Amino acid sequence: MKRGLFICLLTLFLTGFASLIHAAPLPVITSFSILGDVTRQIGGDRVQVRSLIGTDQDAHMYQLVSKDLRDMRTAKLILLNGLGLEPLALQRAAQQSRVPLFTVTQNIKPLMLADDGHGHHQHTDPHVWNDPVLMQIYARNIANALISVDPQGKAYYQQRLTAYQQQLAGLNNWASKMFNAVPAEKRKVLTGHDAFGYMAKRYRIEFIAPQGMSTEAEPSARQVAAIISQIRRDHIKAIFMENIKNPKMVQRIASETQTKISGRLYSDALSKGAPAATYIDMFRYNVNALCSAMK
């Protein structure tokens, strides 16, 4: 009897130990918090995600540190947004790490933006996450990347991807109804930098930004004056600061046009807790804030 109990306990122990070995989560490095969250949604318990550019941090201003290099070298997968979001130093470090590297905006046709308002160069707009329809492709690219380094998890990742894509489709349907309830002539918004081009295209909203696509670029006095004139002429009421940016320029424009600042949008980064702790939370929060300010 004792021997049978011992064998039974030993079998339970070994089975549990084997499952623990199998369940060691895959270390994945993502460049920024939004990509990190979507990777967690698809990877579930099989992944351990670290984002190099954290919550409320500006990807345009990121500086590579030695811990990031070490973490990249010991990861099993590195995921970048691409389309010029990540600084060159981060792109190079990811390539030199010899870890499987994937860009998650593959097969997404990017919007083009003039460089800093001068029109001499064109750049791809990296802010694809502001369109939940495109995010279904983004999510599929993440799932494919995970499957390539963890083929045993294929069914698990595909199941989670399908569920997440359904949430994204529902998010788009809801956002369409919300924006359609705002009269077309009132769908005009001022934000700190040009991060909402994909949302503008999908839901027919006009976004005005003094600071171009990168938060590093400083607008000229002429650009600021033109924006102030437009706000007065078009009676634009929706003026927003961003969680990643110094709000001084938006505050100055609001003051000169005697317009009340409507609040804060989450453009390139999630928040640590509420209201934008996940990508879906962030998108819902932004849509609600925009609709209530534009009406």
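**Sheet and helix packing**

In this model, an open sheet is formed by 4 strands in the order 2-1-3-4, with parallel pairing. The structure is a predicted model. In general, strands of a sheet pair through backbone hydrogen bonds, either parallel or antiparallel. The edges of the sheet are strand 2 (47–53) and strand 4 (101–103), each of which pairs on one side only. From one strand to the next, the twist averages 25°.

The pairing of strand 3 (residues 77–80) with strand 4 is in the parallel sense and runs over 3 bridges. Within this pairing, L101 of strand 4 is the bridge partner of I78.

Helix 3 (residues 66–74) lies across strand 1 (26–32), strand 2 and strand 3. Relative to strand 2, helix 3 runs at about 150°.

A helix–helix packing was also examined. Helix 2 (residues 33–43) packs with helix 6 (residues 154–180) at an angle of about 120°, and the two axes are 7 Å apart. On the side of helix 2, the contact is made by D37, V38, R40, Q41, I42 and G43. Helix 6 contributes Y156, Y157, R160, L161 and Y164. Classified by residue type, the contact of helix 2 with helix 6 has 6 nonpolar, 2 polar and 3 charged residues.

How values were computed
Residues are numbered from 1 along each chain as its sequence is written. This is a predicted model: local features need pLDDT of at least 70, side-chain atom pairs count only at pLDDT 80 or more; totals for chains, interfaces and linings use all residues. Side-chain values use heavy atoms; hydrogens and water are left out. Axes are lines fitted to C-alpha atoms, for helices over the stretch in contact, and angles run from 0 to 180 degrees between N-to-C directions. Helices (H or I, at least four residues) and strands (E, at least two) are DSSP runs, numbered from the N terminus. Contact means heavy atoms within 4.5 Å. Ala, Val, Leu, Ile, Met, Phe, Trp, Tyr, Cys and Pro count as nonpolar, Asp, Glu, Lys and Arg as charged, and the others, Gly among them, as polar. Two strands pair if DSSP finds at least two bridges between them.
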